[in-house]
Amino acid sequence: MTMNIVGKTTMHSVVPSRSALQKRARRWVVKIGSSLLTQDGQRLDLAVMQNFVQQILQLRAEGIEVVLVSSGSVSAGKCHMGWAQKTTTAEERQAAASVGQSALIHAYEKLLAEEGTHCGQVLLTRDNFRDRKRLKKTLSAIEMLLKMQMLPIINENDAIADLDNALGNNDHLAALVSNIWHADLMVLLTDQSGLFTADPRAQTDAEMITEGMAGDPLHERMAGGGGGTVGTGGMLTKIHAATHAARSGAATLIADGRIPDVLLRLRQGELLGTFLRSKKFDRKLRRDAWTGLQIINGQQRIIHPMLRIKNEVVAFYSETLPFAAIPIFTDQ
């Protein structure tokens, strides 16, 4: 990025483009929906899972830390128990989740082992984020797996979740993980191209939103109702998740997981799907850009520490950053 620090400064002269943000993000939370991992909800699609595993390992080889939030346990369990076409009760869904989770994690472990690595399973409910001690343990488990070069695979603990502690969908879970882990980017892979101005299945003239700001109420009105028949979340849950993830500074990408090498192409900065910025992250980028070392007319300059603190407070509530700089070395 070329940043103009002379003259009038605008938000766009400091904040990198969407493509640059995708390239510079180093902590990714990747959520893969059930519709992508199963064959019409009947069984796990091992070929698709293998492709995602290989993409994630390539990201890791490029220095990207990845936490995977994976759906699919209920669908896999219903298939194993012969309930694929059955309308199940809450208790039966819990049993299916228990059976299916073991099948899901076994499939991931087998695919990862073939590539010379392994995974670790972390099953969570809302209680893990309510209690400070449990939250710290959750974060510790994720960070230890990453330290050991394992892939953390996270899912809701549907086998024991109830109305009081259930998260409801893995979009929300991915957002909470993004918050506690301070992710740079949350990637929600789905069977839809992104957020449209209207339901593209009903309105052929609907246009896709390529970039916006998380928390924009207009996005909620565009998102409308629920999703497909396999998963539990629709576009609206993804918009809500993006708003939640933005609280800790994570940007969100909603993209079609059926696009070949979608994760690798996003890493290269391709403008796929819908990108939702975080105001908090954008403000941080502007502060970092101005409070770091500056080169003005060939002379190194840096923000005076006390002036920097004062202006950062002002900048948090303002869209402009008229920071003053003083020379590091001067003859005066």
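**Figure 1. The whole protein chain and its accessible surface.** The accessible surface of the protein chain comes to about 16,400 Å², and carbon and sulfur atoms account for 52% of that area. The model shown here is a predicted one, and its protein chain holds 14 helices together with 11 strands. Of the 332 residues in the protein chain, 49% are buried.

**Figure 2. A patch of positive charge on the surface.** Four residues, Arg-132, Lys-133, Lys-136 and Lys-137, gather on the surface of the model, where they form a patch of positive charge. One of them, Arg-132, belongs to helix H8, which covers residues 132-147. Arg-132 counts as exposed because its relative accessibility is 69%, and the cut-off for that term is over 50%.

Figure 3. Gly-257 is found in the loop that runs between strand E7 (251-256) and helix H12 (262-267). With a relative accessibility of 10%, Gly-257 counts as buried, since that term applies to residues under 20%. If neighbours within four places in sequence are left aside, the residues in contact with Gly-257 are Leu-36, Phe-52, Leu-189, Thr-190 and Val-262.

**Figure 4. Gly-257 and Lys-31, compared along the sequence and in space.** Although 226 residues separate Gly-257 from Lys-31 in sequence, the two are 9.9 Å apart in space, C-alpha to C-alpha.

Definitions and conventions
Residues numbered from 1 in each chain as written. Predicted model: local features only at pLDDT ≥ 70, side-chain atom pairs only at ≥ 80, totals over all residues. Heavy atoms only, no water. Patch = residues over 30% accessible without salt bridge, like charges linked within 9 Å, V, L, I, M, F, W, Y side chains within 5 Å. Areas by Shrake-Rupley, 256 points an atom, 1.4 Å probe, with all protein chains shown as cover. Salt bridge = Lys/Arg side-chain N within 4 Å of Asp/Glu carboxyl O. Lys, Arg positive; Asp, Glu negative; His and termini not counted. Charge placed at Lys NZ, Arg CZ, Asp CG, Glu CD. Helix = DSSP H or I, 4+ residues; strand = E, 2+ residues; numbered from the N terminus. Buried < 20%, exposed > 50% of the residue type's maximum accessible area, 1.4 Å probe, protein only. Contact = heavy atoms within 4.5 Å.
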